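Reader: I would like a close look at one helix and the aromatic rings linked to it. Please define each term as you go.

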Amino acid sequence: MGSPLPLAATAALPAPAANAHIAVGYLGASKLFKRTPESKTEVHAAIVRGLPYSALVFFVSHLTELAPDEVIEAAGISPRTLRRQKDTPTKAMPVELGSRTWMLAETLAKASTVFGSREAAERWMGKPAMGLDGHRPIALLRTVQGAELVNEFLDRLEHGVYN
């Protein structure tokens, strides 16, 4: 498995494509894709085909600043279920779980771009953010609406608009 592209290597890519490249690396999924998805339609198709549980296991096992249980909870799966799925890594996740897993990786990728590193992004996701009414971004990622808030806030930070 190759590591995700360094942030500097993704600077020349349009932001959505750069985030997709980073997200694929965060899921350890470079072997799953003949080429990195370049559009939301391609991401959708990959999720519907079925992301394997190994992608979520890889993602969680490579966290350095966030508690794995927080990410597992945000994904909507119990730690016990994920432990059981480690024995069947190629088994496809249900579409909803695959979608949440991709969303988590893509949001972390976007935060990594904004904050300059994965570690800084993970630290940010685990702490209350003033621009999110004091909520921790990882806690907001449990719902679609919360994920929209986090991603909109990251967009504002990226463009220097803080309120």
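Author: The buried residues of helix α8 are R118, A120, A121, E122, W124 and M125; buried means under 20% relative accessible area, exposed over 50%, and partly exposed in between (1.4 Å probe, protein chains only). Helices (H or I, at least four residues) and strands (E, at least two) are DSSP runs, numbered from the N terminus. Because 6 of the 8 residues of α8 are buried, the helix is largely enclosed by the rest of the structure. This is a predicted model, in which local features need pLDDT of at least 70 and side-chain atom pairs count only at pLDDT 80 or more, while totals for chains, interfaces and linings use all residues. Residues are numbered from 1 along each chain as its sequence is written, and side-chain values use heavy atoms, with hydrogens and water left out.

Now the rings. The whole structure holds 2 aromatic pairs. Rings of Phe, Tyr and Trp (its six-membered ring) pair if their centres lie within 6.5 Å; planes under 30 degrees apart count as stacked, over 60 as edge-to-face and the rest as tilted. F115 and W124 are a tilted pair, because their planes stand at 35 degrees, with the centres 5.1 Å apart. F115 is partly exposed at 31% relative accessibility, while W124 is buried at 14%. W124 also pairs with F153, stacked, at 6.2 Å centre to centre and 15 degrees between the planes. This pair links distant parts of the chain, 29 residues apart: W124 lies in α8 (residues 118-125) and F153 in helix α10 (residues 144-158). F153 is buried, as is W124. Together F115, W124 and F153 form one aromatic cluster.
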